[in-house]
Amino acid sequence: MIKKFIMVGCVCLFSTSFYAQKTLKINLNSKKETEVSPIVKEKVEEYAAKINTIIQEEKKLMEADLLVLQSKNLDKTTFDKEKAQIADHYSEKIDQRIEELGFDLDNVIEKQVRYSLLNTDVTSNEELKAKLLKKFRPARSFTGYFSYGIMALTNDLPDNELDKNLGYSSNLEFGLKLHYQFSRTSPWALTSGLGFSWRTLRTDNNMVFAKGADNGVYLENYSGSLDKNKLRTGYIVVPLGIQYNFSKVKDAGMDIKYRNCYEGFKVGANIYGGVQMSTNNIIKGNEAELRQRGNYQVNPFVYGAQFTVSYDNISLFVKKDFSNYFKDSYFKNDKALVFGVSIGFE
């Protein structure tokens, strides 16, 4: 019964499209509209045309019988009863003739599902398997990402002046991430890419970064009212690591298995290295406003390690620098520690 309802619904939709000369699309995928397979469309339109022909033929015969019935001048009760009998008779004839057409709904549905998956009408198992192998190949692509984290400075030495006056600091980053899945079903993937990172140090207690005559960097007290102060350094960063995906292996058919490395729960670890682009000292207060790009003795190179926990395209991460934030003896042994969230565009 359910199959009959489905068939009738499809026939009505396609019949309307066929005779109105409009293009009809079936939404088999919630994410995007998928066009009807040309083979499926041709078969259903042909079937709808045959049904319409049957209906028109039987309708003419029924109208002729009704004219004969009207000519008998029967009373209303008898006329209505015989009219209903004629209608039932032709309804049964139409159902019987439609059934004799032998429309294979299961075959049509199978063809449409195959077309929706592969966007093509394949004619052989070999061609189908080749299409599936191409569609479900190992994930090897670049995807975009954006991340933001809260940054602190760690130090195993006695607190220095920066440690005592450090305020809310952050790390903003975006770039491209490489996914290189080792095989179609492998849970392991190599990760790398290219990122642009902006690290921003902010100080409290009305302290600002300043430079001496020898280009040395230190903290000094701002005598006025301070609205904004930050030392922002940009880096080009390259990570290299691995990722493990806990999602299950899926069956694409034709004995082809695959694992989607972009979905589900994942953990990853990487090392990273970067080179400095520039450093800007930004100060804004009631006495003066400064935006100066220059050498503030920030380390020109950065390297460290990162651990990431992800679900789908949302990740939580912690990264720790092995390199000092400043070079030489400035604020000695301070290293960045970042906790943050990342969003992937996969």
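Which residues of helix 3 are buried? In this predicted model, they are Phe79, Ile86, Tyr90, Ile94 and Ile98. An α-helix has 3.6 residues a turn, so residues three or four places apart point the same way.

Helix 3 covers residues 76–100. At 1.5 Å a residue, its 25 residues should span 36 Å, and the end C-alpha atoms are 36 Å apart, so the two values agree. The N-terminal end of helix 3 is capped by aspartate 75, with a side-chain oxygen 3.2 Å from the backbone nitrogen of threonine 77. After helix 3 comes glycine 102, which has a positive phi, near 70 degrees.

The largest nonpolar core holds 21 residues, and those touching the most other members are Leu162, Leu201, Phe209, Tyr325 and Phe326. Two or more residues each come from strand 1 (140–154), strand 4 (207–211), strand 5 (217–221), strand 6 (226–245) and strand 13 (335–345). Strand 6 contributes the most, three residues. Leaving aside residues up to four places away in sequence, leucine 201 has contacts that include Met151, Leu153, Leu162, Leu166, Phe209, Tyr325 and Phe326. A separate core of six residues includes Leu128, Leu132, Ala252 and Tyr258.

Ring pairs join Trp188, Tyr244, Phe246 and Phe265 into a cluster.

| Charged residue | Ring | Distance from charged end to ring centre |
|---|---|---|
| Lysine 135 | Phenylalanine 136 | 5.8 Å |
| Arginine 140 | Tyrosine 180 | 4.3 Å |

How values were computed:
Residues are numbered from 1 along each chain as its sequence is written. This is a predicted model: local features need pLDDT of at least 70, side-chain atom pairs count only at pLDDT 80 or more; totals for chains, interfaces and linings use all residues. Side-chain values use heavy atoms; hydrogens and water are left out. Rings of Phe, Tyr and Trp (its six-membered ring) pair if their centres lie within 6.5 Å; planes under 30 degrees apart count as stacked, over 60 as edge-to-face and the rest as tilted. A charge sits over a ring if NZ of Lys or CZ of Arg is within 6 Å of the ring centre and within 35 degrees of the ring normal. A nonpolar core is a set of buried Ala, Val, Leu, Ile, Met, Phe, Trp, Tyr and Cys residues joined through side-chain atoms within 4.5 Å. Buried means under 20% relative accessible area, exposed over 50%, partly exposed in between (1.4 Å probe, protein chains only). Helices (H or I, at least four residues) and strands (E, at least two) are DSSP runs, numbered from the N terminus. Contact means heavy atoms within 4.5 Å. The expected span of a helix is 1.5 Å times one less than its number of residues. A polar contact is a pair of N or O atoms within 3.5 Å; within protein, one must be able to donate a hydrogen and the other to accept it, and residues adjacent in sequence count only if both atoms are side-chain atoms.
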